[in-house]
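Please keep the structure below in view while reading.

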Amino acid sequence: MKVSSWHLVRLIFVLYVVVHGASITASRPTVVPIGALFTFNSTIGKVAKIAIEEAVNDVNADSSILHGTKLKLTMRDSVCSGFLGFIQAMQFMEKEVVAIIGPQSSVVAHMVGIVASELQIPLLSFAATDPTLTLALEFPYFVRTTNSDVYQMSAISDIVENYGWRQVIAIYNDDDHGRNGVAALDDALADKRCKISYKAAITPEGITRSDVMDVLVKVAMLESRVIVLHVSPDSGRLIFSVANYMQMMGNGYVWISTDWLSSVIDTYSPLPSDYMNSIQGVLVLRAHSADSDKKRNFTSRWKKLSGGNLGLNAYGLYAYDSVWILAHAIDEFLNKGGNVSFSADSKLRSLDKSQLHLDSLRVFDGGQALMSKIMKSNFQGLTGPVSFDSDRSLVQPAYDIINVIGSGYRTVGYWSNYSGLSVRPPETLYGQPANRSSANQKLYPVFWPDGSTTNPRGWIFPNSGKQLQIGIPARVSFKAFVSRVPGSNNSFMGFCVDVFQAAVNLLPYPVPYQFVGFGDGRKNPNYTDLVNMIATGNFDAAIGDIAIVTSRTKIVDFTQPFASSGLVVVAPFKKSNTGPWAFLRPFSPLMWAVIVISFISIGVVVWILEHRTNDEFRGSPRRQFITILWFSFSTLTFSHKENTVSCLGRMIMIIWLFVVLILTSSYTASLTSILTVQQLSSPIKGIDSLKTGNQKIGYQVGSYAHNYLTQEIGISPSRLVQLDSPEAYASALRNGTINALVDELPYVQLFLSSQCDFRIVGPEFTRSGWGFAFPRDSPLAPDLSTAILKLSENGDLQRIHDKWLTTSSCSQDNTEIESSQLHLTSFLGLFVLCGFACVVALATYFTRICRQLRHVSKSEAVADFAGSKSLKRIRTLISLIDEKEDPSRKKRRQRREIENEEFGITPKSRQTPTSKDGDREFNVI
């Protein structure tokens with residue numbers, strides 16, 4: 001009975017497992033329907049059709065995925081029509097597909113994406129590159145399984161920057177794909193301080209040769225020669241054919257094509273000879289896929305799959321991987337218990353009051369879960385690693401850069417979002433630190449449309465017959481710089497005009513231009529207003545004596561300065577007479593005081609060092625005081641008669657006599673200059689005097705000096721006086737209307753060449769220059785800068801200067817404005833050296849005195865215990881300093897000290913005799 005009960009329990013358990021397992025198996029569908037929507041007869045569609053079918057076959061044949069569930073593929077043709085593509089997508093959604101591979105077209109994707117979001121059906125597009133399709137809020141169920149045009153346009157902007165081009169022309173299809181792609185290009189170029197100078201939109205369907213010719217005629221009349229072509233294959237072939245006919249595939253033109261052309265080349269290679277001839281030298285982008293065994297195996301199967309009629313392009317690889325992305329996601333979805341079921345949309349049922357049968361559209365209940373699995377994809381596909389970032393874009397976007405040559409092409413480099421341009425494949429760089437330095441951005445040499453490898457300039461002057469309108473100031477003063485030719489409206493002459501014309505003549509291309517006068521002819525124009533006319537587009541450029549200042553560089557570009565120009569101060573002066581006290585002027589008062597103190601100090605130091613051993617420094621106090629003064633000041637002329645006998649005294653004298661030599665030489669040179677060179681004086685010393693004072697200051701009409709003085713220096717505008725000519729300068733300075741003039745150096749030099757009563761006071765307090773102004777990012781500015789440097793190097797700039805700006809002799813008079821006095825700072829090192837030597841000598845001297853004082857104190861301590869000890873030590877110290885030391889006795893004492901040290905005898909170990917010297921008894925050691 002127990003056995004039968006046990007068997008019954010086992011039977012129940014087995015039946016439970018079988019039934020439960022059967023229910024699990026039954027919940028996993030045998031077939032999952034998916035759809036594919038693209039244009040069958042397009043370049044991309046022909047390849048994608050084969051790739052998608054083969055991918056479905058490979059998935060269904062692989063037992064490691066889906067585990068018995070098969071994909072059921074239904075494909076529909078969108079026929080290159082947004083409307084028909086939308087209708088086909090609606091029919092898909094009636095068939096209850098869990099996902100759609102496609103759409104191919106960005107236009108169709110925009111229309112279908114909204115419906116797919118409502119019905120929760122993921123769209124996996126392998127060819128819709130419109131950047132706006134990844135907006136998560138608007139298209140939450142759209143997944144791009146190829147690279148976005150954001151990256152393609154970033155690659156183009158890096159190419160443009162690499163070759164130094166500043167402007168491009170964009171030709172594009174006038175649809176969502178074209179417009180949004182060019183918008184991405186505009187943003188990418190703006191980051192590089194480049195721009196699209198002209199956008200030419202063409203009709204995506206039904207465009208004729210005449211339409212293309214009209215567009216290219218406008219393009220040929222523009223300045224830029226760099227053309228970016230972002231169109232469909234059919235439109236692109238027609239454009240290249242017309243461009244070749246119009247001889248726009250040479251003569252400095254640069255053509256950059258997006259990846260539509262690489263798809264054509266890869267799919268239909270070899271192309272017809274007429275097509276290849278029309279695209280010679282074109283730079284083309286192609287989505288990069290790393291070489292791998294999986295890719296090589298599929299490529300080897302491709303010829304059999306396509307029947308040898310079609311090549312495999314990059315979009316075919318992305319289409320194949322899209323199927324595998326969906327297969328992996330469905331497998332994960334089913335493994336997690338997901339159920340393939342659809343339900344009616346209550347919102348559509350309430351709206352359907354017509355015969356449209358909107359209630360037949362079904363919502364995929366597992367759409368959100370499947371979308372989540374798709375975004376978590378992570379496997380190795382034909383194109384490389386397949387996974388998505390937070391923006392729902394494929395990781396590691398990269399492009400090949402190919403150059404069409406002869407009957408084929410060559411790869412000249414690569415671009416990746418990781419490291420920019422490189423001649424190495426991107427997959428070899430991912431393991432290294434990202435390096436986007438300009439030195440690391442390089443490509444192999446390119447054969448351009450004209451057949452050369454010389455990098456094109458990228459622009460020319462437009463072939464429109466329109467001349468550059470160059471603004472030029474109509475000056476009424478200082479006409480040597482710029483002036484209107486008498487009797488003419490648009491002819492000008494002067495230093496600045498000659499420099500500009502000489503620089504233009506050095507350019508390797510013609511520059512058609514016309515001068516346009518700026519100003520009313522009654523007063524000098526405001527130069528800031530002239531520069532603003534360039535920024536507003538009224539002038540194409542401006543030349544003349546235009547100062548390069550910060551505020552102007554923010555709105556225009558300047559060439560290399562062709563003349564130095566900084567602000568200086570001009571003031572009247574008076575001639576200084578030498579006078580009876582002229583001999584005191586070489587040194588400043590402080591310098592004189594230090595010299596006198598130094599002479600006395602040296603006399604005192606030498607007296608201290610020589611007093612004990614030199615009879616010439618002994619005697620009565622009056623005699624010694626006179627000796628100190630006489631000895632110290634007589635060294636000024638090296639006429640001192642007293643000899644120094646001590647080593648320390650001689651050392652001090654050597655250093656001091658060197659100091660005296662430098663002082664007398666400097667004094668002689670300065671006094672000679674004062675007595676032989678005419679001295680000029682002015683109460684204004686420079687810009688600092690004007691800042692702290694309240695003097696009236698004149699400035700030139702139209703100059704930036706007014707803004708600088710008021711805004712930078714902080715001088716009140718009420719102190720400034722506006723002047724309009726050199727004559728007004730001279731009159732105002734003479735009659736006291738102004739106390740000083742502030743103007744740019746070239747004007748001042750020309751003014752002083754004929755006005756000898758004024759001089760520049762103080763240094764040039766700003767550093768600037770004159771340059772020619774052009775609109776921001778104008779390609780002409782750097783070329784003219786190079787030409788100006790050539791003028792400077794070959795001497796032509798100086799010859800032009802000498803032609804117009806010769807100066808008279810009065811500006812070079814042998815005069816000085818307040819020749820600088822010699823100050824203490826110029827000789828501080830000498831005095832410090834001398835003072836240091838004195839301190840060392842005195843320290844050495846008093847060290848010896850202290851040693852003698854110690855020996856004497858010990859002897860006196862034995863002989864006499866009475867009296868104040870401190871008072872006796874002071875008296876003893878004074879006696880030691882004042883006493884006359886016998887040199888012979890000193891030598892004997894030194895010799896005895898040496899002998900005592902050799903035999904180890906100290907003064908305490910033997911009795912020493914005593915002797916008398918004067919009234920004081922002391923020990924002789």
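In what follows, a helix axis is a line fitted to C-alpha atoms over the stretch in contact, and angles run from 0 to 180 degrees between N-to-C directions. The model is predicted. The protein has 29 helices and 36 strands, and buried residues account for 47% of its 925 residues. Of the contacts between residues at least 6 apart in sequence, 72% join residues at least 24 apart.

**Helix packing: H5 and H6**

- Helix H5, residues 149-162, packs against helix H6, residues 176-191, at an angle of about 45°, and their axes are 8 Å apart.
- On the H5 side the contact is made by Asp149, Val150, Met153, Ser154, Ile156, Ser157 and Val160; on the H6 side it is made by His177, Gly181, Ala184, Leu185, Ala188 and Leu189.
- Sorted by class, the contact of H5 with H6 holds 8 nonpolar, 4 polar and 1 charged residues.

**Helix packing: H15 and H26**

- Helix H15 (residues 495-505) and helix H26 (residues 796-804) have axes 9 Å apart and pack at an angle of about 155°.
- H15 and H26 are therefore roughly antiparallel to each other, the class for angles over 145 degrees.
- The crossing of H15 and H26 is right-handed.
- Phe495, Asp498, Val499 and Ala502 of H15 meet Leu797, Ile800, His801, Lys803 and Trp804 of H26.
- The contact of H15 with H26 consists of 6 nonpolar, 1 polar and 2 charged residues.

- In soluble globular proteins, nonpolar side chains tend to be buried together.
- The largest nonpolar core has 106 residues, and within it Leu71, Phe126 and Ile330 touch the most other members.
- Helix H12, residues 314-335, contributes the most to this core, with 15 residues.
- Beyond its neighbours within four places in sequence, Ile330 is in contact with Val32, Ile34, Leu66, Leu71, Val98 and Leu370.
- Another core, of 86 residues, lies apart from the largest one; its members include Cys496, Val549, Val556 and Ala563.
- Ile325 lies in H12 and is buried, with a relative accessible area of 1%.
- Not counting residues up to four places away in sequence, Ile325 touches Leu124, Thr145, Ile374, Ser377, Phe379, Val386 and Phe388.
- The C-alpha atoms of Ile325 and Gly381 are separated by 8.9 Å, with the two residues 56 apart along the chain.

**Helix H9**

- The buried residues of H9 are Trp260, Leu261, Ser262, Ser263, Val264, Ile265, Asp266 and Thr267.
- Asp266, which lies in H9, has a relative accessible area of 15% and is therefore buried, the cut-off being under 20%.
- Leaving out residues up to four places away in sequence, Asp266 touches Arg286, Gly311, Leu312, Asn313 and Tyr409.

**Backbone details**

- Most residues other than glycine have a negative phi, and most peptide bonds are trans.
- The peptide bond from Gly102 to Pro103 is cis, with omega near 0°; Pro103 sits in the loop between strand E3 (100-101) and helix H4 (106-119).
- A cis peptide bond, with omega near 0°, also runs from Ser269 to Pro270, and Pro270 is placed in the loop between H9 and helix H10 (273-278).
- Arg193 is not a glycine, yet its phi is positive, near 60°.
- The loop between H6 and strand E7 (195-202) holds Arg193, which is partly exposed at a relative accessible area of 43%.
- Gln247, also not a glycine, has a positive phi of about 60°.
- Gln247 is in the loop between helix H8 (233-245) and strand E9 (254-257), and with a relative accessible area of 59% Gln247 is exposed.

Terms used. Residues numbered from 1 in each chain as written. Predicted model: local features only at pLDDT ≥ 70, side-chain atom pairs only at ≥ 80, totals over all residues. Heavy atoms only, no water. Helix = DSSP H or I, 4+ residues; strand = E, 2+ residues; numbered from the N terminus. Contact = heavy atoms within 4.5 Å. Nonpolar A, V, L, I, M, F, W, Y, C, P; charged D, E, K, R; others polar. Core = buried A, V, L, I, M, F, W, Y, C linked by side-chain atoms within 4.5 Å. Buried < 20%, exposed > 50% of the residue type's maximum accessible area, 1.4 Å probe, protein only. Parallel < 35°, antiparallel > 145°, perpendicular 65-115°, else oblique. Left-handed = near helix turned anticlockwise from the far one by under 90°.
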